[in-house]
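Subject: Structure for your review

Dear colleague,

Please find below the structure that I am handing over to you.

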Amino acid sequence: MITAVIIAVVVIAAAAVLFVGLRRARGGGRGLKHRFGPEYDYAVARHDGDVRAAEHELRERVRLHGSVKTEPLPPGARERYLAQWADVQEQFVESPQQAVVEADALLARLARDRGFPDGARFDEQAAALSVHHAHHVHGYRRVHTAARGQGGTEEMREAMVEARRLFDVLAAEHTVDSTRNGRHSTADRGHTPWALPRRHAKGSGTS
């Protein structure tokens, strides 16, 4: 009788531990999906649909880069970055490939100046950015890919437009964490991201 009671208690305790563990795992997954948004789906795709591996990677990103503190830009740096991006946009009309190369390097420098890892290690820098700007980092990835000659003119144009969103957040005077809702800082409200007209994109084949 006593043995049966002990076995029953052990079984109930094990079931309770398993139940709590499953609830925590599910809750953690929902929390990661909410925090990372499109980055969550990107990570799952990178791991060929393996949700557990993707969530492990995202937790590692938070552990490694969650404590990154955004540094203010030095005096005059914001204006210089804005001018440089404007030059890149103008260059795109005549030389899309060179423009995305320069946009890639510009974003790497800007992210470094805001306190993120150096752009010499793109994957590390992008991972850190994804923890704090999950809704904007994909454009940086697209520009980085386009800068290596992958994609046509239209793909490069779209990458530049999307990357501008991250640029605006990083170049803002009062940058905030945009992970939760994808909004820009108060310094960028009312600003419309630059979009190169398709008819101006050399070799795009559109009119």
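The notes below set out what was found, beginning with the overall fold and ending with confidence.

Please bear in mind throughout that this is a predicted model. The protein contains eight helices and zero strands, so in order from the N terminus the elements read α-α-α-α-α-α-α-α. Of its 207 residues, 40% are buried.

Two aromatic pairs were found in a search of the whole structure. In one of them, the ring centres of Trp 85 and Phe 167 are 4.7 Å apart and the planes meet at 25°; an angle under 30 degrees counts as stacked, so this pair is classed as stacked. Trp 85 belongs to helix α4 (residues 77-94) and Phe 167 to helix α8 (residues 153-171), so the pair ties together parts that are 82 residues apart in sequence. Both Trp 85 and Phe 167 are buried.

The other pair consists of Phe 122 and Tyr 140, with ring centres 5.0 Å apart and planes at 75°; because that angle is over 60 degrees, the pair is edge-to-face. Phe 122 sits in helix α6 (residues 122-132) and Tyr 140 in helix α7 (residues 137-146), so that this pair links distant parts of the chain, 18 residues apart. Phe 122 and Tyr 140 are likewise buried.

The largest nonpolar core holds 32 residues, and the members touching the most others are Trp 85, Leu 129 and Phe 167. At least two residues of this core come from each of α4, α5 (96-113), α6, α7 and α8. Beyond its neighbours within four places in sequence, Leu 129 makes contact with Ala 111, Phe 116, Ala 134, Val 137, Tyr 140, Leu 166 and Leu 170. There is also a second, separate core of nine residues, including Phe 36, Tyr 40, Ala 43 and Val 44.

Among the buried residues of α5 are Ala 99, Val 100, Ala 103, Asp 104, Leu 107 and Ala 111. The buried residues of α5 pack against α4, α6, α7 and α8. After α5 comes Gly 115, with a positive phi near 105°.

Is Glu 55 buried or exposed? This residue of helix α3 (residues 51-65) has a relative accessibility of 11%; the cut-off is under 20%, so Glu 55 counts as buried. Not counting residues up to four places away in sequence, Glu 55 touches Gly 29, Leu 32 and Tyr 40.

Finally, a word on confidence. The average pLDDT of the protein is 81, and 71% of the residues score at least 70. The pLDDT is below 50 over residues 16-27, a stretch with one contact in the model beyond near neighbours in sequence. Residues 199-207 also have a pLDDT below 50, and this stretch has 14 contacts beyond near neighbours in sequence. Where pLDDT is low, the predicted coordinates should not be read in detail.

With kind regards

Methods:
Residues are numbered from 1 along each chain as its sequence is written. This is a predicted model: local features need pLDDT of at least 70, side-chain atom pairs count only at pLDDT 80 or more; totals for chains, interfaces and linings use all residues. Side-chain values use heavy atoms; hydrogens and water are left out. Helices (H or I, at least four residues) and strands (E, at least two) are DSSP runs, numbered from the N terminus. Buried means under 20% relative accessible area, exposed over 50%, partly exposed in between (1.4 Å probe, protein chains only). Rings of Phe, Tyr and Trp (its six-membered ring) pair if their centres lie within 6.5 Å; planes under 30 degrees apart count as stacked, over 60 as edge-to-face and the rest as tilted. A nonpolar core is a set of buried Ala, Val, Leu, Ile, Met, Phe, Trp, Tyr and Cys residues joined through side-chain atoms within 4.5 Å. Contact means heavy atoms within 4.5 Å. pLDDT is the predictor's confidence in each residue, from 0 to 100.
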